[in-house]
Amino acid sequence: MGAMNDLSDPARGKALVLFSGGQDSSVCLAWALDRYAHVETVGFDYGQRHAVELQARQAVRARMIERFPAWAGRLGDDHMLDISSFGAVAESALTADRAIEMQANGLPSTFVPGRNLVFFVYAAALADRRGLKALVGGMCETDFSGYPDCRRETLDAMQAALNLGMAQDFTIETPLMWLTKAETWGLAATLGEKGGDGAALVDLIVAESHTCYAGDREHLHPWGYGCGTCPACELRAKGYEDWIAGGRAAVAIPESVAP
Ligand code: ZN
């Protein structure tokens with residue numbers, strides 16, 4: 001492990017989590033609270049159709065420090081950045097009333113070109129100002145959504161570009177990169193156990209995190225609220241069902257994979 005991952009260095013013990021209030025970024029927030037002495041969160045408002053995501057962010061943060069007192073002293077400020085001009089450029093099914101379908105280029109219509117790259121530029125500029133060194137995101141290569149800006153190869157290049165362009169030594173941490181959706185539930189159980197109550201973190205993610213593209217907060221399923229039929233709900237439901245079918249297997253806490 002290189003010096004960039006030496007968390008005994010106080011400057012390296014501070015993280016910024018890209019936090020949407022969804023299942024993946026909520027598990028990332030727990031991962032960061034377990035690992036770092038100080039954790040801040042950043043969210044992006046790029047003209048989403050659903051304010052429900054923005055409300056979920058506050059609910060997850062509040063419940064996490066309520067249920068896990070050991071983490072309360074570590075959770076710092078929340079930042080909300082308005083990048084609606086990006087949303088206007090990158091109009092897609094997430095930000096406009098277009099059907100969610102497969103496009104001719106093999107990418108789903110929910111793909112917003114360059115979205116994660118934009119997020120990391122803003123996050124890094126904020127982290128520079130706030131003295132935070134780790135940028136934590138819930139990107140994952142194993143969910144078959146095929147988003148090219150979720151690949152670790154892309155994020156390795158992004159980390160290099162940010163460090164060159166900002167004369168910095170950030171790491172981009174992606175603890176979910178190699179996990180299946182079932183394993184992400186298992187990781188939530190492991191992190192919750194370490195934080196003092198395994199069931200509490202899984203329950204919190206079910207009750208408070210929001211993933212559904214349709215913004216449905218009316219229908220509660222064992223895996224959380226959602227319409228149950230959009231691609232995000234299908235992925236979340238299948239992951240949960242696979243985790244239950246696998247006997248709620250615990251998943252080891254991933255170490256840093258940043259170069
Ligand atoms: Zn849905």
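1. Ala 189 is found in helix α7, which covers residues 181-195; helices here are DSSP runs of H or I with at least four residues, strands are runs of E with at least two, and both are numbered from the N terminus. This is a predicted model, in which local features need pLDDT of at least 70 and side-chain atom pairs count only at pLDDT 80 or more, while totals for chains, interfaces and linings use all residues. Residues are numbered from 1 along each chain as its sequence is written.

2. Leaving aside neighbours within four places in sequence, Ala 189 is in contact with Gly 198, Leu 201, Val 202, Arg 248 and Ala 250, contact meaning that the C-beta atoms, placed from the backbone, lie within 7 Å.

3. Helix α7 packs with helix α8 (residues 198-208) at an angle of about 130 degrees, their axes being 6 Å apart; axes are lines fitted to C-alpha atoms, for helices over the stretch in contact, and angles run from 0 to 180 degrees between N-to-C directions. The angle makes α7 oblique to α8, since under 35 degrees counts as roughly parallel, over 145 as roughly antiparallel, 65 to 115 as roughly perpendicular and the rest as oblique. Among the residues making this contact are Trp 185 and Ala 189 of α7, together with Gly 198 and Ile 205 of α8.

4. Turning to the sheet, five strands form an open arrangement in the order β3-β2-β1-β4-β5, with parallel pairing; two strands pair if DSSP finds at least two bridges between them. The edge strands, each pairing on one side only, are β3 (75-82) and β5 (171-173). Strand β4 (residues 134-136) and β5 pair in the parallel sense over three bridges, and the bridge partner of Ala 134 in β5 is Thr 171.

5. Which residues have the most contacts inside the largest nonpolar core? They are Val 17, Ala 32 and Leu 135, in a core of 55 residues, a nonpolar core being a set of buried Ala, Val, Leu, Ile, Met, Phe, Trp, Tyr and Cys residues joined through C-beta atoms within 7 Å. Helix α1 (residues 23-35) gives the largest share of this core, seven residues. Not counting residues up to four places away in sequence, Ala 32 touches Ala 15, Val 17, Val 39 and Val 136.

Technical notes
Contact = placed C-beta atoms within 7 Å. Buried ≥ 20, exposed ≤ 12 C-beta atoms within 10 Å, placed from the backbone.
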